[in-house]
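Dear colleague,

Please find below the structure that I am handing over to you. My notes on what was found in it follow directly after.

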Amino acid sequence: EEAKAEKEPKAEPRANGRREDKAEKPRFMFNIADGGFTELHTLWQNEERAAVSSGKLNEIWHRRHDYWLLAGIVLHGYARWTDIQNDGAFGVINEPFKGEASKGNFLEMKNKFLARRFKLLEQALVIEEQLRRAAYLNMTQDPSHPAMALNTRFAEVECLAESHQHLSKESLAGNKPANAVLHK
């Protein structure tokens, strides 16, 4: 009886004296700290927003699917997409593709998506490890390093290009003064 009592979670009394009957479902927590060097977090935000707003958490690929994809790769091996998809423990990976099952090249599309997604996850994990190593070695950025100057110069050029975007359109439309300004 003691073992049985230990297995069953006891409800804690609340502040109002009542007991909570249902336990709060733990929030799914999975992250790759890539420092913003990949588009992974932007994708996760957009996918999470779409999944939550539509109420289709399993039908729209998002962070949880990435976790199970990585778990499947750990268990079955690199690029063993068919084995991962056929394993019942990783069934959540198949959910976003159910609507596409009627298409002729369905398996090819699905495998290409999984391969592309894994490449992104792999890249983010490599960057996370590099950032961890840099932190461990106590490395910092040197503002006087030529690479930092190159980054600043690129930002300036990008800003200039964006501000003169209208000149490019005018030049293509045949506006000669705009063309002259654009070339200067």
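Where is the place of alanine 79? Alanine 79 sits in the loop between H3 and H4; helices (H or I, at least four residues) and strands (E, at least two) are DSSP runs, numbered from the N terminus. Although alanine 79 is not a glycine, its phi is positive, at about 60°. Its relative accessibility is 37%, so alanine 79 counts as partly exposed; buried means under 20% relative accessible area, exposed over 50%, and partly exposed in between (1.4 Å probe, protein chains only).

Before going further, please note that this is a predicted model, in which local features need pLDDT of at least 70 and side-chain atom pairs count only at pLDDT 80 or more, while totals for chains, interfaces and linings use all residues. Residues are numbered from 1 along each chain as its sequence is written, and side-chain values use heavy atoms, with hydrogens and water left out.

Overall architecture

The protein chain has eight helices and zero strands. Of its 184 residues, 21% count as buried. The accessible surface of the chain comes to about 14400 Å², and 55% of this belongs to carbon and sulfur atoms; such areas come from the Shrake-Rupley method with a 1.4 Å probe, and for residues only the protein chains shown count as cover. Among contacts (heavy atoms within 4.5 Å) with a separation of 6 or more, 51% are between residues 24 or more positions apart.

The nonpolar core

A nonpolar core is a set of buried Ala, Val, Leu, Ile, Met, Phe, Trp, Tyr and Cys residues joined through side-chain atoms within 4.5 Å. The largest one holds 20 residues, and those touching the most other members are Ile32, Leu40, Leu69, Trp81, Ile93, Leu114 and Leu121. At least two residues come from each of H2, H3, helix H4 (81–86) and helix H5 (106–136). H5 provides the largest share, six residues. Leaving aside residues up to four places away in sequence, isoleucine 32 touches Leu40, His41, Trp44, Leu70, Leu121, Ala124, Leu125 and Glu128.

Threonine 38 lies in the loop between helix H1 (2–7) and H2. Its relative accessible area is 8%, and therefore threonine 38 is buried. Beyond residues up to four places away in sequence, threonine 38 touches Leu120, Gln123, Ala124 and Ile127.

Pockets

A pocket is an open set of points on a 1 Å grid over the protein atoms alone, where a 1.4 Å probe fits, with protein on both sides within 12 Å along at least five of seven lines; lining residues have an atom within 4 Å of a point. Grid points are joined across faces, edges and corners, and a volume is the space filled by probe spheres set on the points.

The largest pocket has a volume of about 350 Å³. Helix H2 (40–54) and helix H3 (63–76) are the elements that give two or more residues to its lining. By class, this lining has six nonpolar, one polar and five charged residues; Ala, Val, Leu, Ile, Met, Phe, Trp, Tyr, Cys and Pro count as nonpolar, Asp, Glu, Lys and Arg as charged, and the others, Gly among them, as polar.

The second largest pocket contains about 210 Å³ of space. Its lining has five nonpolar, three polar and no charged residues, including Phe37, Ile127 and Met139.

With kind regards
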